[in-house]
Amino acid sequence: MIPLSLAEIAAITAGTVAGDPAVEVTAPAVLDGRLAEPGGLFVAFPGEHADGHDFAAQAGLAGAAAVLGCKPTALPTVVVPDAQAALQTLAAHVTARLRNGLTVIGVTGSQGKTGTKDLIAAVLTAAAPSVATHGSLNNELGAPITMLRTDTATRYLVLEMGARRVGDIAALAALAPPDIGVVLNVGQAHLTFMQTRENIAKAKGELVQGLAPGGTAILNADDPRTAAMRGLTGGPVLTFGRAPHADVRVLDLTLDRLGRPSFTLRAADAEARVALPLLGAHQALNAAAAAAAALAAGVPLDTAAAALATASLSKRRMELHELAGGVTVIDDSYNANPESTRAALDALAAIEGGRRIAVLGEMTELGDAAETEHVAVGARAAARADLVVTVGEGARPIARGAGDRAVHLTGNDAVKTWLDARLAPGDLVLVKASRAARLDEIAAHLTERA
């Protein structure tokens, strides 16, 4: 973060200072006081069960210099009526001050956005100092927190942008209008809130509409709803995919024994061979999207390809663990929707090995489509795995779809016990569900057990 005194922060956010206005913030903002860095800013919110302002002293012990909140605290505090609005205003101000030397890249899509964000960040970091969203902090709080990690050395800012409702991405894009906007796909995530795929397409299209003047849209040529977003901008468009007309095209895709893809990327007159250290054929399209974003940012294709060969993803996203006991675990437990679950099951099937076991939990926020989509995922699982272990009441329709290949268990502890008694050398275990199912506990148990 660029250094700012509390007096300056108060002027930017229309707040008042309780304490010494000369105190200077020199490190990033945090929402969790335990994560504060020396000189950092702790953003405090009143909560239903706990008031963040009460943790100001703890943040100070961790190094925070000051607080942005709604009332005075134990630390020097900029007091504002609305901490969220003030945080966003401060982030927009800081990013605008850096804008002459900063390229902003926005990434959205129903699935794959966190992994693609990670790939874009890997490519751009190889070219110049970059800041990117940590994990999936892609909402109205995560985006400004990411923006406030930038400083005068930052050349690329990569923002993952999520949406639960129409209008969410438009609001995020308004904080820092992207110079490059990547839309991966239009799937069924958050149907509970969006209600229709048309609304999901509208929400994702807000990134294209929110581009900075002259900004470049990066669109999936293989997804008709995404490709149609070309009509939402008068600026440059680059497409990616396996389609013959894609500007950045995936060719000659093969998988190794662990299901890791190798392929050729072709863009205009350039070609580069890429071997990804990531699981799943679907990662090739994410890599093509990252390469297209890099080209739009002025990074050559060969530089992008070299960076992709050493890229890694955020935790619990197709994370491979080859355990000492001969069991292989794929931890994809961070989140799930029908499209990402099908891709994970396909990746499981592509790995060479013995018995394949898919441990699947509920996919949340699917609205009226929940029953149908869970049954369909169960059928896909039965075709890709030898055993399908479903966890919890919300996953019962998956078991129905999987038929006689399914074992339904009531909770995580039951699954741990079941797996402990039956896993054998050579087994491949995929763990996948929405975050609310907490199947990360099962994945952690398996890796710790080994």
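Contact here means heavy atoms within 4.5 Å. Helices (H or I, at least four residues) and strands (E, at least two) are DSSP runs, numbered from the N terminus. This is a predicted model: local features need pLDDT of at least 70, side-chain atom pairs count only at pLDDT 80 or more, and totals for chains, interfaces and linings use all residues. Residues are numbered from 1 along each chain as its sequence is written, and side-chain values use heavy atoms, with hydrogens and water left out.

**View 1. Helix H16 and its cover.** Helix H16 spans residues 440-449. Its buried residues (under 20% relative accessible area with a 1.4 Å probe, protein chains only; exposed is over 50%, partly exposed in between) are Ile 442, Ala 443, Ala 444 and Leu 446. Their cover includes strands S18 (328-332), S19 (356-360), S20 (387-391) and S22 (428-432). Helix H15 (412-422) is also part of that cover.

View 2. Two strands pair if DSSP finds at least two bridges between them. The open sheet runs S17-S18-S22-S19-S20-S21, with mixed pairing. Strand S17 (319-322) and strand S21 (406-409) are the edges, each pairing on one side only. Neighbouring strands are turned by 15° against each other on average, direction ignored. Axes are lines fitted to C-alpha atoms, for helices over the stretch in contact, and angles run from 0 to 180 degrees between N-to-C directions.

View 3. S19 and S22 run parallel and are joined by five bridges. Leu 360 has Lys 432 in S22 as its bridge partner. H16 packs on the sheet and touches S17, S18, S19, S20 and S22. The direction of H16 makes about 150° with that of S22. H15 lies across S19, S20 and S21, at about 155° to S20.

**View 4. Strand S6 between two partners.** Strand S6 (residues 66-69) is covered on both faces. Ala 66 and Leu 68 are buried on one side, Val 67 and Gly 69 on the other. In a regular strand the side chains alternate between the two faces of the sheet. Strand S5 (residues 41-43) pairs with S6 in the parallel sense over three bridges. Leu 41 stands opposite Ala 66. From S5 the chain passes through helix H2 (residues 56-62) to S6, a right-handed β-α-β crossover. Right-handed means that, with the strands pointing away from the viewer, the path from the first strand over the helix to the second runs clockwise. Strand S7 (residues 77-79) also runs parallel to S6, joined by three bridges. Thr 77 in S7 is the bridge partner of Val 67.

**View 5. Leu 68 and the largest core.** A nonpolar core is a set of buried Ala, Val, Leu, Ile, Met, Phe, Trp, Tyr and Cys residues joined through side-chain atoms within 4.5 Å. The largest one has 50 residues; Leu 4, Leu 68, Leu 90 and Leu 148 touch the most other members. Helix H3 (residues 83-98) gives the most, with six residues. Leu 68 touches several residues, among them Leu 41, Phe 42, Val 78 and Leu 87, not counting residues up to four places away in sequence.

**View 6. The nine-stranded sheet.** This open sheet has the order S9-S10-S8-S11-S12-S13-S14-S15-S16, with mixed pairing. Its edges are strand S9 (130-132) and strand S16 (270-275). Strands S14 (residues 248-255) and S15 (residues 261-267) pair in the antiparallel sense over six bridges. Leu 251 has Thr 264 in S15 as its bridge partner. Helix H8 (residues 197-209) lies across S8, S11 and S12, at about 160° to S11.
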